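Here is a short tour for anyone meeting this protein chain for the first time. Have a look at the model below, then read on.

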Amino acid sequence: LLFMAQQPRFKPLAIVAGGAALVALMILLQILFDLQARSERAIDLTAELLWPFWFSLGGAFGGVAGSIVAYREKPPKLVPVTQAPPGSVIQRARLWLGSNYLIAPAIIYVVLITQIPFAVTIWFSLQKWNLMRPDNSRFNGIQNYFDLFRTDEFTNALVNTAVLTFSAVTFSLLIGLFFAELVNHRFPGRGIVRTMLITPFLVMPVVAALGWKNMMFHPVFGVIDWVITSLGGPRIDWFAEYPMFSIIVIIVWRWAPFMMLILLAGMQALGDEVREAGRVDGASQWQEFRYIVLPHLTPFMQLCVLFGVIYILAEFDSIARTTQGGPGDLTMNLPFLIYRTVFFSFDIGAGSAMGVVLVVITIIFATLMIRLMGRIMEGSTR
């Protein structure tokens, strides 16, 4: 449908659109046959099936008809600037392999190990498949996705994931920016300080979570509670009273050094003569940082946000080793909910649907964060 909306004029796109429509039609027919097989009488389509079936069926026939029309259209004539590319897909593939023979194996390998499992996950998400009831397995269409958004458990996990990701990425970026600016200046022992600041990122996530749980946030033996009680304050069970805050602290402790590394590389790429020119013009240290350093760091900050969103959205170890998604579901995010759905409830269909939703949310969240960061940096340069 996306190809047809853009009015493609090339035969491969028309074939893809028609093939997708035919696949949709076959899936709908399979639904019809499953319903017929489970029923002891003939099915009255107007009574048994809802409007989404008819809407999808009409869309499938519309896609087939549109693809046929697009297939019959002649491609526009282009003015040849250089040698025209070969017409067939096979010849174009050979041309691409011949001109990119060094990186082609790596690209093909990455596509195979990433896209094929994702395609299988999408297929599993369309199935009603529970390992405890294999005899009840059947094609379920997009019903798994409808069922997800009807449960409070999934919506709460979705909100927790958004809060956790946004908070952790924001604080990691700010702290990493502060540390990068700190170690970018020359002072005695700068190499030792850099090494110490980088160390948390080198600690394994499971070890970091257990360390914070048993050595820092423990209500009896923890260092933080020891300091608070030494000053006359009460003991705090952090994972029981402030679970989300505790998880955010652990993640920020691990990811702030990573963002510091990227931002420090960006600062060192900025020439000293640029800063000296600003000082000669009378700029203060804050004005130099705001109008010279920050605009220069825009692509590096966007890279930090991109990596942070992708990996923190998939955060699992810190929650699994500390709160197990509790108390209740206060720290239940989507990756841990997927794990619990698959390995405790054995619901492959629902778990796969959650995985597909998580991938879509990752793409949307990363795009929005990068655009927001770009707008903020554009505003700071004015």
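Is Gln324 buried, partly exposed or exposed? With a relative accessible area of 42%, Gln324 is partly exposed; the cut-offs are under 20% for buried, over 50% for exposed and in between for partly exposed, using a 1.4 Å probe and protein chains only.

## Before you start

This is a predicted model, so local features need pLDDT of at least 70 and side-chain atom pairs count only at pLDDT 80 or more, while totals for chains, interfaces and linings use all residues. Residues are numbered from 1 along each chain as its sequence is written, and side-chain values use heavy atoms, leaving out hydrogens and water.

## The chain as a whole

The chain has 19 helices and two strands. Both kinds of element are DSSP runs numbered from the N terminus: H or I with at least four residues for helices, E with at least two for strands. Of the 382 residues, 35% are buried.

Take the contacts (heavy atoms within 4.5 Å) with a separation of 6 or more: 68% of them join residues 24 or more positions apart.

## Where α9 meets α13

Helix α9 (residues 190-202) packs against helix α13 (residues 243-268) at about 130°, and their axes are 6 Å apart. Axes here are lines fitted to C-alpha atoms, for helices over the stretch in contact, with angles from 0 to 180 degrees between N-to-C directions. That makes α9 and α13 oblique to each other: under 35 degrees counts as roughly parallel, over 145 as roughly antiparallel, 65 to 115 as roughly perpendicular, and the rest as oblique. On the α9 side the contact includes Arg194, Leu197 and Phe201, and on the α13 side Trp253, Pro257 and Met260 are among the partners. By class, the residues of this contact are 11 nonpolar, one polar and two charged. Nonpolar covers Ala, Val, Leu, Ile, Met, Phe, Trp, Tyr, Cys and Pro, charged covers Asp, Glu, Lys and Arg, and polar takes in the others, Gly among them.

Leu197 counts as buried at 19% relative accessibility. Leaving aside residues up to four places away in sequence, Leu197 touches Phe179, Val183, Pro257 and Met260. Its C-alpha atom is 8.8 Å from that of Ala256, 59 residues apart along the chain.

## Another pair and a buried threonine

Helices α10 (residues 205-216) and α11 (residues 223-230) pack at about 30°, with axes 6 Å apart, so α10 and α11 are roughly parallel. Here Trp212, Met215 and Met216 of α10 meet Val223, Ile224 and Asp225 of α11.

Over in helix α8 (residues 152-183) sits Thr161, buried with a relative accessible area of 3%. Apart from residues up to four places away in sequence, Thr161 touches Leu313, Asn333 and Leu334.

Most residues other than glycine have a negative phi, and most peptide bonds are trans. Gln324, in the loop between α17 and α18, has a positive phi of about 55° although it is not a glycine. That loop also holds Pro327, and the peptide bond from Gly326 to Pro327 is cis, with omega near -5°.

Phe346 lies in the loop between α18 and α19 and has a positive phi of about 60° without being a glycine. Phe346 is partly exposed, at 31% relative accessible area.
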